[in-house]
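Open the structure in your viewer and keep the selection tool ready. This tour moves from stop to stop, saying what to select and what is there.

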Amino acid sequence: MFDFGGTLEADGVNWGPRFHAAYVEGGGALDYATFEPIYKESDRALGRLSGIERLGFRATVEAQADLLRDVLPAAERFDARRAAARFCADAVAVVNRNRPVLERLARRYRLGVVSNFTGNLRPCLEELELLGLFAVTSDSTVLGSRKPDERIFRDTLASLGVVPEGAWMVGDNFEADIRPAHGLGLRTCWLAPAQRAVPVGCVPSARIGRLPELERVLG
Ligand SMILES: [Mg+2]
């Protein structure tokens with residue numbers, strides 16, 4: 001089971017910091033600490049956007065960039081199109097690197113995605129040419145439970161037809177992906193930049209810095 005954001009389309013960095021880098025590329029000047037609460041406001045607005053359940057990856061990123069521009073103070077406006085293009089180009093490059101790995105894994109295992117998302121996980125995966133690799137896709141908005149709630153993990157395991165002890169959870173968010181999966185008895189693989197410290201109270205079964213390293217972990 002894989003997380004989506006930060007795991008399949010980036011090397012352990014979630015949307016907030018990546019959106020900030022794209023915003024700076026689009027001419028934005030706020031530092032990350034100032035930017036983050038505004039980004040989170042745009043994130044909540046994205047979840048309420050009419051028709052979000054049909055949006056693919058690029059349209060989702062463009063919609064979020066537009067929402068972000070609209071909630072920023074007028075003096076902090078940036079080029080939302082340019083920022084969205086940068087965000088998408090970086091994500092697509094990582095997905096293209098990861099796809100052959102996921103294709104090989106899909107021949108050996110039943111794969112699932114478990115994501116806190118906005119109801120449009122499947123169109124996003126489809127656009128990124130990943131959807132066909134996953135037997136199960138669990139979108140928190142569709143299922144009505146969010147990580148770290150164990151229900152979304154249990155629902156996904158049941159759909160895959162495996163017991164927790166027979167599954168791995170791979171993700172970049174320690175508290176949402178790793179700790180709850182570990183608690184359920186899954187083996188866990190934390191995808192995180194090398195300098196990020198392991199939180200206390202839970203030791204992941206494995207740690208990687210890039211998704212392709214997962215094949216070495218699984219042997
Ligand atoms: Mg993530």
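**Stop 1: the core**

Begin with the largest nonpolar core, which has 51 residues. Ala83 and Phe87 have the most contacts inside this core. A nonpolar core here is a set of buried Ala, Val, Leu, Ile, Met, Phe, Trp, Tyr and Cys residues joined through C-beta atoms within 7 Å. Buried means that 20 or more other C-beta atoms lie within 10 Å of the residue's own; exposed means 12 or fewer, and partly exposed is in between, with C-beta atoms placed from the backbone.

Now select helix H4, residues 80-108. H4 gives the most to this core, with seven residues. Domain 1 (15-90) and domain 2 (94-218) both give residues to the core, so it lies between them.

Before going on, note that this is a predicted model: local features need pLDDT of at least 70, side-chain atom pairs count only at pLDDT 80 or more, and totals for chains, interfaces and linings use all residues. Residues are numbered from 1 along each chain as its sequence is written. Helices (H or I, at least four residues) and strands (E, at least two) are DSSP runs, numbered from the N terminus.

Stay with Phe87. Which residues does Phe87 touch, not counting residues up to four places away in sequence? They are Arg18, Phe19, Ala22 and Val61. Contact means C-beta atoms, placed from the backbone, within 7 Å.

**Stop 2: two domains**

Color domain 1 (15-90) and domain 2 (94-218) separately. Their bounds come from an automatic or database domain assignment. The domain centres, taken over C-alpha atoms, are separated by 25 Å. Eleven residues of domain 1 are in contact with nine residues of domain 2. On the side of domain 1 that touches domain 2, helix H2 (32-48) and H3 are the elements that give two or more residues.

Select Asp66, found in helix H3 (residues 57-71). Is Asp66 buried, partly exposed or exposed? Asp66 counts as partly exposed, because it has 17 C-beta neighbours inside 10 Å.

**Stop 3: parallel strands**

Move to strand S4, residues 187-191. Four of its five residues are buried. S4 pairs with strand S3 (residues 168-171) in the parallel sense, over four bridges. Strands pair if DSSP finds at least two bridges between them. Find Val170: its bridge partner in S4 is Cys189. Follow the chain from S3 through helix H8 (residues 174-184) to S4; this β-α-β crossover is right-handed. That is, with the strands pointing away from the viewer, the path from the first strand over the helix to the second runs clockwise.

S4 also pairs with strand S5 (residues 206-208), again in the parallel sense, over three bridges. Here the partner of Cys189 is Ala206.

**Stop 4: two helices**

Select H8. Its buried residues are Ala176, Asp177, Ile178, Pro180, Ala181 and His182. Their cover includes H7, S3 and S4. After H8 comes Gly185, with a positive phi near 100°.

Finish at helix H7, residues 150-160. Which residues of H7 are buried? They are Ile152, Phe153, Thr156 and Leu157. These cover an arc of only 135° around the axis, so they lie on the same side of H7. The arc is that of the directions from the helix axis to the C-beta atoms. Turn to the face away from the buried side: it carries the exposed residues Arg151 and Ala158. Gly161 follows H7, and its phi is positive, near 75°.

Methods
Two residues are in contact if their C-beta atoms, placed from the backbone, lie within 7 Å.
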